[in-house]
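Dear colleague,

Please find below the structure that I am handing over to you. My notes on what was found in it follow directly after.

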Amino acid sequence: MSISVVRTTDHWWRLDGDRAVRIDTGAITTKELLADRGSIVAAAGVTCAVDELDLVSPVTVPCRVVAQLLNYRSHALDTGVDPNTLHPTFFRKSSSSVSGPNDPIRTPDEVGLLDYEIELGVVVGAEIPIGTTVTEDNLAKYAAGVVVTNDVSAREIQLTRTQVYESKSYPTFTPVGPRLVLLDQDEFSRLSELRMTLAVNGETRQSQLIGDDLITPPAEALTRLARFQYLVPGDLLLTGTPIGTAISAPPAIVQKIGELLPPALKWKIFFARQAKNPRYLSVDDVVTATIRTDDGTLDLGMQITVVR
């Protein structure tokens, strides 16, 4: 049965409906908390309303933050890529980008095209040595649970400098939480039933059932990662985003014309067009993000972040 955990600056808490029960643990990091599962289950101390807590990310830093590129068919098609040609592709984000579920998203001065990407985050629960094979049947052995994440992206830096790492790693560019939902094996089999929904100022931008769209599921992704990357408890895998981000590929005819232009002119025209796109984030925009099953039995909570 799933257990939802939240974190404040001083304590860890287990959720019980709309109440939070303080966990009696000396754990400081997510890794340490996952090693103290008994305290999570046994929590019976101070309680308070969840709304009274000032929540921070349930994934502590430093940690490895690894993300999957174009892992949803709808997003691949929207960017002009045939999803049938894709292989699992990964990139890193700095863990200094991790922020809380209600912290503001801070826009760097040089960034104008600020984009959002709701993603299911998988929190590693056990060491995954090089060469490990993770399957759907043993996923719960290696993954502890799941969180809501937002892979915030500075598009002009990503595209013109081919700097994926920089464009996605500024402070506050990975809001995480509010809940770390710890799952058992049967519940991991329900990941396909989760619906990811992101709205900006109340307007739904992304809404997708994971099972309808996902290309490489977490077990296969972790196996591919383990070919070259050692992972430990508390590390975080972002599993991709569906259609609905601000950026979108131009129509095919426009792409063909662009191929004939010098690179400098092509980028100038592209960014002039993007600058007129109202879907990019602006100061004071309110971004809400939820991941839950339609029946509500698995609920990762809601992020509410304001762009500053």
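S99 is buried, as its relative accessible area is 8%; buried means under 20% relative accessible area, exposed over 50%, and partly exposed in between, with a 1.4 Å probe and protein chains only. S99 belongs to strand β7, residues 98–99. Helices (H or I, at least four residues) and strands (E, at least two) are DSSP runs numbered from the N terminus. Between the C-alpha atoms of S99 and R7 there are 12 Å, while the two residues stand 92 residues apart along the chain.

Please note that this is a predicted model, in which local features need pLDDT of at least 70 and side-chain atom pairs count only at pLDDT 80 or more, whereas totals for chains, interfaces and linings use all residues. Residues are numbered from 1 along each chain as its sequence is written, and side-chain values use heavy atoms, with hydrogens and water left out.

Salt bridges

Side chains of opposite charge can pair when their charged atoms come close. Searching the whole structure gives 13 salt bridges, a salt bridge being a side-chain nitrogen of Lys or Arg within 4 Å of a carboxyl oxygen of Asp or Glu.

One of them joins D151 to K93, with 2.6 Å between the closest N and O atoms. D151 is in the loop between β10 (143–150) and β11 (153–154) and K93 is in strand β6 (residues 90–93), so this pair ties together parts that are 58 residues apart in sequence. Both D151 and K93 are buried, and the relative accessible area of D151 is 0%. D151 and L55 lie 96 residues apart in sequence, and their C-alpha atoms are 19 Å apart in space.

Another salt bridge is formed by the side chains of E117 and K168, at 3.4 Å from N to O. This pair links distant parts of the chain, 51 residues apart: E117 is in the loop between β8 (114–115) and β9 (118–124), and K168 is in the loop between α6 (164–167) and β12 (174–175). E117 and K168 are both buried.

R190 and D295 also form a salt bridge, their closest N and O atoms being 3.2 Å apart. Here too distant parts of the chain are linked, 105 residues apart, with R190 in the loop between α7 (185–188) and β14 (194–200) and D295 in the loop between β17 (286–293) and β18 (299–306). D295 is exposed, because its relative accessible area is 51%. Through shared partners, salt bridges join K93, D115, E117, D151, R155 and K168 into one network.

Two further buried residues

S57 sits in the loop between β4 and β5 and counts as buried, with a relative accessible area of 5%. A polar atom of the S57 side chain lies 2.8 Å from the backbone oxygen of V59.

Y72 is placed in the loop between β5 and α3 (73–78). Y72 is buried, at a relative accessible area of 0%. Y72 and V147 are 75 residues apart in sequence, and 18 Å separate their C-alpha atoms.

The surface

Which residues gather in a patch of negative charge on the surface? They are D16, D18, D51 and E52. Patches are made of residues with over 30% relative accessible area and no salt bridge, like charges being joined within 9 Å and nonpolar side chains (Val, Leu, Ile, Met, Phe, Trp, Tyr) within 5 Å. E52 is in the loop between β4 (47–49) and β5 (65–68), and counts as exposed because its relative accessibility is 62%.

With kind regards

Conventions:
Areas by Shrake-Rupley, 256 points an atom, 1.4 Å probe, with all protein chains shown as cover. Lys, Arg positive; Asp, Glu negative; His and termini not counted. Charge placed at Lys NZ, Arg CZ, Asp CG, Glu CD. Polar contact = N/O pair within 3.5 Å; in protein donor to acceptor, adjacent residues only side chain to side chain.
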